[in-house]
Number of protein chains: 2
Amino acid sequence: MPISPRPGSPAPLNPSARVLLGPGPSEVSPRVLSAMGMPLLGHLDPEFVALMDETQDLLRYAFRTENRLTMAVSGTGSAGMEAVVVNLIEPGDKMLVCVNGVFGGRMVDVALRAGAEVTAIERPYGEVFDPQEVRDAIRKVGPKVVGIVHAETSTGAWQPVEEIARSAHEAGAMIAIDTVTSLGGVPVEIDGWAIDAVYSGTQKCLSCPPGLAPVSFSPRAVESIHARKSKIQSWYLDMTMISRYWGSDRFYHHTAPISMNYALREALALVVEEGLEARWQRHMTNHLALKAGLGAMGISYITTEGHQLPQLNCVRIPEGIDDLTVRKRLLKDWGIEIGGGLGSLKGQAWRIGLMGHGSRRVNVTLFLAALETCLRELSAAIAPGAALAAAAQAYAANDATVQA
Amino acid sequence: MPISPRPGSPAPLNPSARVLLGPGPSEVSPRVLSAMGMPLLGHLDPEFVALMDETQDLLRYAFRTENRLTMAVSGTGSAGMEAVVVNLIEPGDKMLVCVNGVFGGRMVDVALRAGAEVTAIERPYGEVFDPQEVRDAIRKVGPKVVGIVHAETSTGAWQPVEEIARSAHEAGAMIAIDTVTSLGGVPVEIDGWAIDAVYSGTQKCLSCPPGLAPVSFSPRAVESIHARKSKIQSWYLDMTMISRYWGSDRFYHHTAPISMNYALREALALVVEEGLEARWQRHMTNHLALKAGLGAMGISYITTEGHQLPQLNCVRIPEGIDDLTVRKRLLKDWGIEIGGGLGSLKGQAWRIGLMGHGSRRVNVTLFLAALETCLRELSAAIAPGAALAAAAQAYAANDATVQA
């Protein structure tokens, strides 16, 4: 039999240094990177089992929940979305999905593939839903599940969900929320808001490499999963089976991604050490400085005022400036990555992430300085130093607020 | 709003040293662990994109295929199984699955959830299928897809698949094989055997942490996916979408697990540096020494002679010896992990993995020495030193063979 050609010996891996200020993956702290490189335990090793228990407790803290069924699915955030949908939805079930960006749209697609009878309500990219319009839709549709994105990664929109959760419950529906970009960056109150199902990702404000999807299900959601008439269509994401591995019987399901679980555990340990409230404040402080700096350069937000996520700044590309020219320059000369627009915002928006370990004054300063350099070379209308001065002023004002 | 209690600050992660000789995860080489801990690139960074291209080439070498659609799915081996099944199967399609262990059984479950009309043929645990009986079943059933496990992790059975692939094609069917435990340990010839779809895992003979599932689809399989009438039920595993991200247009699908892809790239680079043939030979040499050593202690294989995987040794627990007593002792006193029996073999079998970086003389020697110590304490019938002498003899004989 002919042997396939043996490729040349690849050089050892040596990735360039990057400052990750896009929509994720975000910067990962050295302690989490160290955890990634630690020797492996087996997935049924008593020490690893203890680490899973610990991770569940840490996740409950991060999600602010006492839900027993709280764990990490072995896939990225989108696998978390699919896990929530395919476990809650049976073919023919009604689901109402609120779409104001790419990830709401993805939820519609996932729900349709799960056999849901989907009603989508829409808002333009950058806007949020008014609780009243969602309540009206819930009353009209009578869904089993309402799906909504808490932090829309494609637009930076920060959607209040507490009132919508109440409306869902009044109508006998469950509510599922996407916190991929919110968890660890802004308040997420799973029990306080009475959320039935939630998924997130590791690579945003938790500042862990991508590869796991934290999820949590309320007792009511668990009950509904156990009351299903049909099998969950995904074996890999079947929470009734996965929970037996994470639960006390440790029944083998699939081989857990050991190293990713190490990293999530370390990343959550850092969240605990900082404290959620301090972490939210840090994200807000750096956001306000970035926003002041951008404003001084005449750059405005696409997202509605008052609903701008501090960790994901979705801004309009100034007129006459080419998206890719600037992003390539930032990457080439400073190693800075920011994101472009997704969906209908392609070519019109930049998405600047200040997430987790990346949400630091050093990054805000570097980014504003680099962007000013780029823009001044392309358009003379920017006053030199204005962005950095505005940011410094914002830091001073917010430090005062915090101390007061 | 009441704040969930903040857990105590967890101590930094510090996993105990282990010698991973179970059914996976296997030992990971230091170079791969280093790659796991490297700083992240973004998932659309040109450098990361180049790394993906390189990984595809390396995977083609490992699978011995020229299939364009060759890549890593962002989940563990079982996600690879699900990816193959849900992409090839539409509701109502006929699938023939050969079941001689836990993973064949899992394939039945996955196929049923995908809406397949499944016919399962069975062989007792530890045996392999005769190509003629599979051919008869294929003729009788007339399936769209035949699914079979090349290396059954639960029993150590090494199933010849080339003739079965021919039978499938004669009947107009496609063949999908599970190489989770075989890839990188024994010959896998995707093009040579004319396999239509294959999946594997990273944590066995590739010696990379668990978290990705290499897959490959033949042009015929790709055509069949594009000719589907119904949408693929899993959004996360939809190969038509994933291949647009891995393909030349780099269309965003989901955030790739960056660090896991680093590790897979490094692990495959090590495969190339060693060479597949040398790697297979190494696995065989260490297996023969282990087998000789076990034989000297009166321990026999559950798997049929002639079909024993070198990398997964499934042996009968000696009479009067308690499974857990020995496994706990091995873990406690030497940090050695071996696997217990799965499914119908629970309590009756040990599964000793010599996979990838773990397939080394140092591990064979340590394991035989430790097991002899345990067993002699529990039963006096074992001659001291016999296992090590037999292993040494096997090494000498096989070295001679290799040199001759």
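Visitor: What makes the crossing of H5(A) and H6(A) right-handed?

Guide: In this predicted model, where local features need pLDDT of at least 70, side-chain atom pairs count only at pLDDT 80 or more, and totals for chains, interfaces and linings use all residues, H5(A) passes H6(A) in a right-handed crossing, a term used if the near helix is turned clockwise from the far one by less than a right angle, anticlockwise being left-handed. Residues are numbered from 1 along each chain as its sequence is written, while chains are lettered from A and ligands numbered from 1 in the order in which they are written.

Visitor: Why are H5(A) and H6(A) called roughly parallel?

Guide: The axes of H5(A) and helix H6 (residues 162-170) of chain A cross at roughly 20° and come within 9 Å, the axes being lines fitted to C-alpha atoms over the stretch in contact, with angles from 0 to 180 degrees between N-to-C directions. Angles under 35 degrees count as roughly parallel, over 145 as roughly antiparallel, 65 to 115 as roughly perpendicular and the rest as oblique, and H5(A) and H6(A) are therefore roughly parallel.

Visitor: Which residues make the contact of H5(A) with H6(A)?

Guide: Pro131(A), Val134(A), Arg135(A) and Ile138(A) of H5(A) are joined by Glu163(A), Ile164(A), Ser167(A) and Ala168(A) of H6(A), where contact requires C-beta atoms, placed from the backbone, to lie within 7 Å. They divide into five nonpolar, one polar and two charged residues (Ala, Val, Leu, Ile, Met, Phe, Trp, Tyr, Cys and Pro count as nonpolar, Asp, Glu, Lys and Arg as charged, and the others, Gly among them, as polar).

Visitor: How do you know whether Phe129(A) is buried or exposed?

Guide: Phe129(A) has 23 other C-beta atoms within 10 Å and is therefore buried, given that 20 or more such atoms make a residue buried, 12 or fewer exposed, and counts in between partly exposed. Phe129(A) sits in the loop between strand S4 (117-122) and helix H5 (131-141) of chain A, and its contacts, apart from neighbours within four places in sequence, are Cys98(A), Asn100(A), Arg123(A), Val134(A) and Gln159(A).

Visitor: What makes H3(A) oblique to H4(A)?

Guide: The axes of helix H3 (residues 77-88) and helix H4 (residues 102-113) of chain A cross at roughly 45° and come within 10 Å, and that angle makes H3(A) oblique to H4(A). On the H3(A) side, Ser78(A), Met81(A), Glu82(A) and Val85(A) meet Arg106(A), Met107(A), Val110(A) and Ala111(A) in H4(A).

Visitor: At what angle do H3(B) and H4(B) pack?

Guide: Helices H3 (residues 77-88) and H4 (residues 102-113) of chain B pack at about 45°, with their axes 9 Å apart, which makes H3(B) oblique to H4(B). Their crossing is right-handed.

Visitor: How many residues does each chain give to the contact between chains B and A?

Guide: Chain B and chain A each give 71 residues, and H9(B) gives the most to the side of chain B that touches chain A, with nine residues. That side has 31 nonpolar, 23 polar and 17 charged residues.

Visitor: Why is chain A called as compact as a globular protein of its length?

Guide: The radius of gyration of chain A is 22 Å, close to the 22 Å that the globule rule gives for 404 residues, so chain A is as compact as a globular protein of that length; the radius is taken over C-alpha atoms, and the rule is 2.2 Å times the number of residues to the power 0.38. Of those 404 residues, 57% count as buried.

Definitions and conventions: Helix = DSSP H or I, 4+ residues; strand = E, 2+ residues; numbered from the N terminus. Contact = placed C-beta atoms within 7 Å.
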